[in-house]
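This report looks at a metal site, some aromatic pairs and one further residue. Please keep the structure in view while reading.

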Amino acid sequence: MTTPRLEKENEYAYVVFNGEKVSKNSVAKAVMGYRNEGRPGATALFGPAELGYACPVCGNENADRLYWSEYSGFIWCEECNLDFPSCLGVKYSPPAIGQEPLNDRERVELQTEIFLKTVSDAIERWRKQDGRGSDCD
Ligand SMILES: [Zn+2]
């Protein structure tokens with residue numbers, strides 16, 4: 001794996017990744033906040049592809065081209081240059097290695113579980129903000 005060419009927007013987000021301008025979602029930023037809010041530089045032990053996620057648009061499940069998004073609860077596909085809610089990218093039961101894709105019912109059950117956890121995390125974030133309001137642009 002080569003070192004990506006990066007240009008940071010701030011301590012949590014990039015403007016340029018591998019020479020390409022990255023997608024932005026101001027609503028995701030306002031509602032969900034940054035993934036590593038309060039913990040700049042934190043890195044996940046496993047990437048989304050390793051945990052059973054794939055891009056719901058192009059099917060990308062390449063660990064080197066599917067990343068945790070800068071937004072909490074989101075994944076970023078480098079192929080599509082798109083941030084999407086992680087629940088939409090469920091394909092395999094974690095760990096993904098050696099697994100068959102989940103059947104429709106199993107996938108929707110796991111998507112629902114992840115959706116509810118994501119909403120719960122967002123509510124907790126908003127409670128902690130205690131009325132500081134939206135940081136929407
Ligand atoms: Zn994609």
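## The zinc site

A donor is an N, O or S atom within 2.8 Å of the metal, or within 3.2 Å for Na, K and Ca. The model described here is predicted. In it, the zinc ion has four protein donors: the SG atoms of Cys 55, Cys 58, Cys 77 and Cys 80, at 2.3 to 2.4 Å from the ion. Along the sequence, these donor residues follow the spacing C-x2-C-x18-C-x2-C.

What geometry does the site of the zinc ion have? Four donors count as tetrahedral if all angles lie between 85 and 135 degrees. The angles among the 4 donor atoms of the zinc ion are 104 to 120°, and the site is tetrahedral.

Cys 55 and Cys 80 link distant parts of the chain, being 25 residues apart. Cys 55 sits in the loop between α1 (26-32) and β4 (66-68), whereas Cys 80 sits in the loop between β5 (74-77) and β6 (82-85).

Is Cys 55 buried or exposed? Buried means under 20% relative accessible area. Cys 55 has a relative accessibility of 4%, so it counts as buried. Cys 80, with a relative accessible area of 28%, is partly exposed.

## Aromatic pairs

A pair of aromatic rings is described by the distance of the centres and the angle of the planes. The whole structure holds 8 aromatic pairs. One of them joins Phe 17 and Trp 76, whose ring centres are 5.4 Å apart. Planes over 60 degrees apart count as edge-to-face; those of Phe 17 and Trp 76 stand at 75°, so this pair is edge-to-face. Phe 17 belongs to strand β2 (residues 14-17) and Trp 76 to strand β5, so the pair ties together parts that are 59 residues apart in sequence. Both Phe 17 and Trp 76 are buried.

Tyr 53 and Trp 68 form another edge-to-face pair, with centres 5.7 Å apart and planes at 75°. Tyr 53 is in the loop between α1 and β4, and Trp 68 is in strand β4, 15 residues away. Tyr 53 is buried at 11% relative accessible area, while Trp 68 is partly exposed at 24%. Elsewhere, Tyr 12, Tyr 34, Tyr 71 and Phe 74 make up one aromatic cluster.

## Pro 85

Pro 85 is part of strand β6. Its relative accessible area is 28%, and Pro 85 is partly exposed.

Which residues does Pro 85 touch, not counting residues up to four places away in sequence? They are Gly 73 and Phe 74. Pro 85 and Ala 28 are 57 residues apart in sequence, and their C-alpha atoms are 9.0 Å apart in space.

Terms used. Residues numbered from 1 in each chain as written. Predicted model: local features only at pLDDT ≥ 70, side-chain atom pairs only at ≥ 80, totals over all residues. Heavy atoms only, no water. Tetrahedral: all angles 85-135°; square planar, octahedral: opposite > 155°, others 65-115°. Helix = DSSP H or I, 4+ residues; strand = E, 2+ residues; numbered from the N terminus. Buried < 20%, exposed > 50% of the residue type's maximum accessible area, 1.4 Å probe, protein only. Phe/Tyr/Trp six-rings, centres within 6.5 Å; stacked < 30°, edge-to-face > 60°. Contact = heavy atoms within 4.5 Å.
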